[in-house]
Amino acid sequence: MRGRILALTAAALLGVAGCSQSEEPPLSRASAGRSAPAPVPAPAPPAPLPPLPPAEPGDEVKALVTGTGVVVPVLARQGEGFLVRTPCARETVVAGGTPLFGATVVLDPGHGGVETGAVGSNGLTEAALNLAVTERTRDLLEAAGATVVLTRTADYRMALGPRAEIATNLQPRAFVSIHHNGEADGPSPRPGTETYFQIASPDSRRLAGLLYEELVATFSRFEGVPWEADLDAGAKYRPNAAGGDYYGILRRSAGVPAVLSEALFLSNPAEAALLARPDVQQAEAEGIARAVARFLTGDDPGSGFVEPYPRTEPAGPGGGTSSCQDPPLE
Ligand SMILES: [Zn+2]
């Protein structure tokens, strides 16, 4: 849910570029006709992914899958066990688990536990949807040979700090935070996908452009959907007051090419109905996996880059550690 959960502070924005110079014509509410939904055909199956590289073998434990299946960043060895950061960003010692030495790709399903994120009119929560799409994306990338690590593996709360720390510890070649949007500006003739990149990272920008390209192509195959979008939909950045990355997950993962995916609007009942379908979740996962594969194996520049309009609304709470309850780790 854009702007609600990810930012750690409610910092107001300084103005960004004063004019909008998008590479696509701006959306018009008047021209974006809203017609009755037509039958939505399933898209054609995509081509298989190219072979992807596994993680480089390492000898230092960077993260751990605990005995209960929770992924935690490792801070240090401690006796026979490991000092780790918990999902609520506390430090604790765990006796063991499955050690992780590196990753090709880290996937971050947004929200979890009491932090549900956006909720569709059909009851579909963003937290559950994000995890479902993430798991499908993981399966596709792993089948192509990549070493994939998830920051969240079940329905528990997880602060932004340890999510990003898993990525900065494992140093993957790509880090994708998977979300779904809420509160669009209005109707749109095409899917209102937004992908955010790290301002200082050309690699992150390219990944966001590829992700935008693949997701819009994926969802555009579903016809007759009354899409909604923000006026500045596209591959873009969002600065904070200091000119850095507004979203904590992008800011805290600096040094790792990271993007934040807001695929569709869960706040739009038609899109929520679409996103509840397993075939649509699978199609989205295929789009994300293809974007990552193209990023890892080629030099396509991506597309859909827009100059975002200045946003002044503060982010809501979420992603922090207040009242956070850790899941069992052992
Ligand atoms: Zn979200």
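Me: Which residue is the bridge partner of S177 in strand 13?

Reply: L260 is the bridge partner of S177. This is a predicted model, where local features need pLDDT of at least 70, side-chain atom pairs count only at pLDDT 80 or more, and totals for chains, interfaces and linings use all residues. Residues are numbered from 1 along each chain as its sequence is written.

Me: In which sense do strand 8 and strand 13 pair, parallel or antiparallel?

Reply: Strands of a sheet pair through backbone hydrogen bonds, in either sense. Here strand 8 runs parallel to strand 13, with six bridges between them. A strand is a DSSP run of E, at least two residues, numbered from the N terminus; pairing takes at least two DSSP bridges.

Me: How many bridges join strand 10 to strand 13?

Reply: Four bridges link strand 10 (residues 194-197) to strand 13 (residues 258-265). These two strands run antiparallel. E194 faces E262 of strand 13 across the pair.

Me: What is the strand order in the open sheet?

Reply: Read it as 7-6-8-13-10-12. Six strands make up this open sheet, and their pairing is mixed. Strand 7 (148-150) and strand 12 (234-236) are the edges, each pairing on one side only.

Me: Why is strand 13 largely enclosed by the rest of the structure?

Reply: Eight of the eight residues of strand 13 are buried, so the rest of the structure largely encloses this strand. Buried means 20 or more other C-beta atoms, placed from the backbone, within 10 Å of the residue's own.

Methods:
Buried ≥ 20, exposed ≤ 12 C-beta atoms within 10 Å, placed from the backbone.
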